[in-house]
Amino acid sequence: MDFPIIDLMDQEGCRQKLFDLLHPEGFACPRCGARDGLNVHRRRADSPVVDHRCKGCRRVFNMFTGTPWQGTHLSPAQILLILRGIAQGEPTARLARELGISRQHLLRLRHAIQARALAAADRAPLPDDRTEADEMYQNAGEKKGSRTPTRTTRHGVGRTRPRATGPGRPIVRRSPG
């Protein structure tokens, strides 16, 4: 029995969280910047997104206007899962399969989001010359409890070097099998 995560999420809660992420300073008209006089223009019963109309310039817009999500047909829950997947480094293909969307479309969205994040990144130098690396970064590529690497020679015989290598250490040969 499958339990799709999209069906288990609260759509209204996801919409509010996404609204707060996209508009941290508050909601304003993208054309004139007005914060007052934003009336609900249209709300479809099947859509969690509300269209607004500015009383001053008459522009119709919603919370996705001016973002990579403008014109999207994805639900707020899907968008939050995409953002979460990108932040956690999920592969695009796996994320697209889990959400049931096109890999190519998701890749274009991912590139747009990453470009915006890079453009908004703080370029100021760090205050001091010290750097701290976490354990995951320091041990990158190491596997605990793994044997020493084995290479197969031309004759199919595995050749393993002992961990403590140094001058005069022999090469240990193993027979295949």
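This report covers the helices, the nonpolar core and the salt bridges of a predicted model.

## Helix 5

Helix 5 runs over residues 103-120.

The buried residues of helix 5 are L106, L109, R110 and I113. They cover an arc of only 105° around the axis, and therefore lie on the same side of helix 5. This buried set packs against helix 3 (76-88) and helix 4 (92-99). The face turned away from the buried side carries R108, L118 and A119, which are exposed.

## Helix 3

Helix 3 has 13 residues, which at 1.5 Å a residue should span 18 Å; the distance between its end C-alpha atoms is 18 Å, in agreement. Buried positions in helix 3 are P76, A77, Q78, I79, L80, L81, I82, G85 and I86. After the helix comes G89, with a positive phi near 80°.

## Nonpolar core

The largest nonpolar core has 26 residues, of which F64, W69, L74, I82 and I101 touch the most other members. At least two core residues come from each of helix 2 (11-22), helix 3, helix 4 and helix 5. Helix 3 contributes the most, with six residues.

I101 can be followed in more detail. Leaving aside residues up to four places away in sequence, I101 touches L74, Q78, I82, A96 and L106.

## Salt bridges

Side chains of opposite charge can pair when their charged atoms come close. The model has two salt bridges, counting a side-chain nitrogen of Lys or Arg within 4 Å of a carboxyl oxygen of Asp or Glu.

One joins E12 and R15, with the closest N and O atoms 2.9 Å apart. Both residues lie in helix 2, three residues apart, about one turn of the helix. E12 has a relative accessible area of 40% and is therefore partly exposed. R15 is buried, because its relative accessible area is 15%, and buried means under 20%.

The other links the side chains of R94 and E90, at 3.1 Å from N to O. R94 is partly exposed, with a relative accessible area of 38%.

Notes:
Residues numbered from 1 in each chain as written. Predicted model: local features only at pLDDT ≥ 70, side-chain atom pairs only at ≥ 80, totals over all residues. Heavy atoms only, no water. Helix = DSSP H or I, 4+ residues; strand = E, 2+ residues; numbered from the N terminus. Expected span 1.5 Å × (residues − 1). Buried < 20%, exposed > 50% of the residue type's maximum accessible area, 1.4 Å probe, protein only. Arc of directions from axis to C-beta. Contact = heavy atoms within 4.5 Å. Core = buried A, V, L, I, M, F, W, Y, C linked by side-chain atoms within 4.5 Å.
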